[in-house]
Amino acid sequence: MNKILVTGAAGQIGSELTPALREKYGHDAVVASDIQQPEGLEDPFVELDVTDRDAIEAVVEEHEIDAIFHLAAILSAKGEENPGLAWDVNVNGLYNVFEVGREYDIEKIITPSSIAVYGSTTPDNPGEETVLIPTTMYGISKVLTELLAKYYYENYDLDVRGVRLPGILSYKTLPGGGTTDYAVEVFYEAIEEGHYEYFVRPDTMLPMMYMPDAVNSLMQLAEADDEDLNYRCAYNVSALTFTAEELTEAIQEHLPDFEATYAPDDRQAIADSWPDRVDDTAAREDWDWEPEYKLDKMVEDMLTNLERKLSN
Ligand code: AKB
């Protein structure tokens, strides 16, 4: 990977993956892209809409790109509000990236899948080979991501890799339009208001991960030996799992006056369709996946950094 393009670089994961890639591969070796350049995201940057295949081609050609971290996507809750947009960005955008990858002999494409590939018929603690019947347009687009990745690998030798990411928590950038967003919003409101109203029930339990582990999972998989990969674009990666109530209690250890209320909305049904935890044995065995952050360590780090950030 000599010249990397990151799509969706201004998003929650992109804004932390891009600096990590620049640190490892060299600042100018990583071209960030998104619909708009946000403050703080340094050049090299290009405005890029992934639904425009010609534009992707132009960037790949001009910057001699040989690897792509394709992160641009519409998440689950926003996707249910606007399924057409989710299809366009997540499916047509992905197809464009794969087609350009094939045409320009791109060495590697890393694109995350999600626990949203699972659905209400998923058994407890699913592995990679469990039946996938998602209920959301986002989930459907991620099943398609995994299947298309396999297709392009088998038919065109295009090396596409990815992990099924859970809800990602970070103090740097807010997520947008996801079902697991409550697990980040609660930290902001706990510090600023002393109160948070969850949009899910207190017993809602979902797989989650702290951002440094999410970034590592993508970078580690990108560097893994090709012949070790049994589930190329569909690796479960597990780090944390907790209920909304357990998260409240963990925050109260640091902020004892913090209070939570619970008012489930439409997102509850999406949360209920996803598993509480996933089995990541394959990632641990195939490429030594090992998360660093457990609940207490994550909560402490989130609160320390967010308090500092919000007081500036
Ligand atoms: C979402 O909630 O939509 C995402 C995801 C689990 O992929 N965070």
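In which hand does α1 pass α7 in their crossing? Select both helices to find out: α1 passes α7 in a right-handed crossing, where right-handed means that the near helix is turned clockwise from the far one by less than a right angle, and left-handed that it is turned anticlockwise.

Before going further, keep in mind that this is a predicted model, in which local features need pLDDT of at least 70 and side-chain atom pairs count only at pLDDT 80 or more, while totals for chains, interfaces and linings use all residues. Residues are numbered from 1 along each chain as its sequence is written, and side-chain values use heavy atoms, with hydrogens and water left out.

**First stop: α1 and α7**

Select residues 14–25 for helix α1 and residues 211–223 for helix α7, which pack at an angle of about 50 degrees with their axes 10 Å apart. Helices (H or I, at least four residues) and strands (E, at least two) are DSSP runs numbered from the N terminus, and axes are lines fitted to C-alpha atoms, for helices over the stretch in contact, with angles running from 0 to 180 degrees between N-to-C directions. The two helices are therefore oblique to each other, a word for the angles that remain once those under 35 degrees are called roughly parallel, those over 145 roughly antiparallel and those from 65 to 115 roughly perpendicular.

Now show the side chains of E16, L17, A20, L21, K24 and Y25 in α1, together with M211, V215, L218, M219 and E223 in α7, for these residues make the contact, which means heavy atoms within 4.5 Å. By class, the contact of α1 with α7 has eight nonpolar, no polar and three charged residues; here Ala, Val, Leu, Ile, Met, Phe, Trp, Tyr, Cys and Pro count as nonpolar, Asp, Glu, Lys and Arg as charged, and the others, Gly among them, as polar.

**Second stop: α2 and α4**

Select next residues 53–63, helix α2, and residues 83–103, helix α4, which pack at an angle of about 40 degrees, with their axes 9 Å apart. That angle makes α2 oblique to α4, and α2 passes α4 in a right-handed crossing. On the α2 side you will find R53, I56, E57 and V60, which meet N96, V97, E99, V100 and E103 of α4. The contact of α2 with α4 divides into four nonpolar, one polar and four charged residues.

While α2 is still selected, pick out H63, which has its place in this helix and is buried, with a relative accessible area of 17%. Buried means under 20% relative accessible area, exposed over 50%, and partly exposed in between (1.4 Å probe, protein chains only). Leaving aside its neighbours within four places in sequence, H63 is in contact with K3, V31 and V46.

Side chains of opposite charge can pair when their charged atoms come close. The structure holds 16 salt bridges, each being a side-chain nitrogen of Lys or Arg within 4 Å of a carboxyl oxygen of Asp or Glu.

Select E146 and R164, which form one of these bridges, with their closest N and O atoms 2.7 Å apart. Because E146 lies in helix α5 (residues 137–156) and R164 in strand β8 (residues 163–165), the pair ties together parts that are 18 residues apart in sequence. Both E146 and R164 are buried.

Move on to D159 and R161, whose side chains meet in a salt bridge (3.0 Å, N to O), and which are both buried. At R284 and D280, another salt bridge (2.9 Å, N to O) can be selected; in this pair R284 is partly exposed, with a relative accessible area of 31%, whereas D280 is buried, at 7%. Salt bridges that share partners also join R53, E57, E99, R102 and E103 into one network.

**Last stop: the loops**

Go to P44, in the loop between β2 (30–34) and β3 (45–47), where the peptide bond from D43 to P44 is cis, with omega near 0 degrees.

Finish at N125, in the loop between β6 (113–114) and α5, which has a positive phi of about 50 degrees although it is not a glycine, and which is partly exposed, with a relative accessible area of 33%.
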